[in-house]
Amino acid sequence: MPRPIRARIDLAALRHNYLVARRHAGSAKAWAVVKANAYGHGLLRSATALAEVADGFALLDLADAIALRDAGMRQPILLLEGFFEPADIPLCAEYGLIPVVHCLEQLAMLRNAGLPVRLSIYLKLNTGMNRLGITPAQLPAAQRELAVSPAIGAVTLMTHFAEADGGRGIAQQLACFDQMSGGWSCPVSLANSAAILRHPQTARDWVRPGIMLYGSSPFGDESAAELGLQPVMTLASRIVGVQEIAVGERVGYGGLFVAERPTRLGIVACGYADGYPRHAPSGTPILVAGQRTETLGRVSMDMLACDLTEIPEAGVDSPVILWGDGLPADEVAASAGTISYELFCALAQRVPVVEV
Ligand SMILES: *Cc1c(COP(=O)(O)O)cnc(C)c1O
């Protein structure tokens, strides 16, 4: 028997969540963001599940984009960071990929590529996130380049919000974008999941939902269920051992947890080598036999401990859910001081995946 850990991927939930994003976006089309192996859910699996509904796919890696084409995907594909070297440019043309162009250096690469055809591009404007994008000061130079470049076809303008999930929101970046894009008559793409859900006026022509497709909330103060999203990845395992410990006994490496009452421990076949966050402290929620309890002590490589004291019917072989169905990944992530994006992306290669 292999270890009992599994990642169950619910493809109907993925499709449901995509349609939720599109419903919020009104008449805008929606890129399904499948970067980072579809946030750990499997690139080809996720794209295939969305093939009938998705308006397009957005990702980072040229090789991944080509893999989607080779798998028969016909919809537009957006390369979110564009090309990284001149040799990538003819491949964009050959495979019908739309590169994001985010700096003047990329514009120069395009001009010098000697392409026999014109490429559609997304021109990324830096409106305040200060990661990628043409700044207001660089805009005139970019416009001159666009006007003369023989390699550039249709242009869509885009930007990316830094705080659509709260904080200062989007007003300042949106004002900057509208100012920079005034006078252009191009399609526009602005919104990530948080903006789609909280700032629907940013939907414009194309939206770019990522995390919401995978059933997690981009917000700290509103759950995925409240947003009508369904979990896609369920990380499930089983109890493989039980220990009864007395008051004062300790649990796991470093003895971080000390029992303050007689405690019945369940040992779960899941550890940080499976992608469970090692920094999740005692008290992180976990489901055993359908009941909510908490982890105890430090997470080890292949195992972690949880409290079965109040679940006497649970024992060796009882089913465990680390996150997903019945236990939002967002809650586990919050306990571990991270976000569900990171939990999903960290799912280890060694965890067998089953599609449901
Ligand atoms: C990752 C990414 C998105 C999706 O963001 P979510 O917060 O996961 O919805 C959208 N746009 C760009 C440019 C991205 O890199």
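This passage walks through the predicted model of a single chain, from its overall build down to a few individual residues.

Since the model is predicted, local features need pLDDT of at least 70 and side-chain atom pairs count only at pLDDT 80 or more, while totals for chains, interfaces and linings use all residues. Residues are numbered from 1 along each chain as its sequence is written, and side-chain values use heavy atoms, with hydrogens and water left out.

Of the 356 residues, 53% count as buried; here buried means under 20% relative accessible area, exposed means over 50%, and partly exposed is in between (1.4 Å probe, protein chains only). The chain exposes about 15,500 Å², and carbon and sulfur atoms supply 52% of that area. Accessible areas come from the Shrake-Rupley method with a 1.4 Å probe, and for residues only the protein chains shown count as cover. As for contacts (heavy atoms within 4.5 Å), take those between residues at least 6 apart in sequence: 65% of them join residues at least 24 apart.

On the charge side, the chain carries 28 positive and 34 negative side chains, and the centres of the two sets lie 4 Å apart. Lys and Arg count as positive and Asp and Glu as negative, with His and the chain ends not counted. The place of a charge is NZ of Lys, CZ of Arg, CG of Asp or CD of Glu.

The contact between them takes 5 residues from domain 1 and 7 residues from domain 2.

Now for some helices. In H8 (residues 171–181), the buried residues are Gln-173, Leu-174, Cys-176, Phe-177, Met-180 and Ser-181. Looking down the axis of H8, these buried residues fall within an arc of 160 degrees, so they line one face of the helix. The arc is that of the directions from the helix axis to the C-beta atoms. On the other side of H8, Ala-171, Gln-172 and Gln-179 are exposed. The cover over the buried residues of H8 includes helix H7 (139–148), strand S7 (152–158) and strand S8 (188–189). Just after H8, Gly-183 takes a positive phi of about 90 degrees. In the loop between S7 and H8 sits Gly-169, which counts as buried at 18% relative accessibility. The C-alpha atoms of Gly-169 and His-199 are separated by 8.8 Å, although the two residues are 30 apart along the chain.

Helix H6 (residues 104–111) has Gln-106, Leu-107 and Leu-110 buried. They cover an arc of only 105 degrees around the axis, which puts them on the same side of H6. H5, strand S5 (97–101), strand S6 (119–124), H7 and S7 are among the elements covering the buried residues of H6.

Within H5 (residues 88–95) lies Ile-89, which is buried at 0% relative accessibility. Neighbours within four places in sequence aside, Ile-89 is in contact with Phe-83, Met-109, Leu-110, Ala-113, Leu-115 and Leu-119. Cys-103 is 14 residues from Ile-89 in sequence, and the two are 15 Å apart in space, C-alpha to C-alpha.

Another isoleucine, Ile-196, has its place in helix H9 (residues 193–198) and is buried too, at 2% relative accessibility. Not counting residues up to four places away in sequence, Ile-196 touches Ala-21, His-24, Ala-191, Val-207, Arg-208, Pro-209 and Met-212. Phe-57 is 139 residues from Ile-196 in sequence, yet 17 Å separates them in space, C-alpha to C-alpha.

Finally, a word on backbone angles. Most residues other than glycine have a negative phi. Asn-130, in the loop between S6 and H7, has a positive phi of about 60 degrees although it is not a glycine. Asn-130 is exposed, with a relative accessible area of 60%. Ala-289 is also not a glycine, and its phi is positive at about 50 degrees. Ala-289 is found in the loop between strand S14 (285–288) and strand S15 (291–296), and counts as partly exposed at 34% relative accessibility.

Technical notes: Helices (H or I, at least four residues) and strands (E, at least two) are DSSP runs, numbered from the N terminus.
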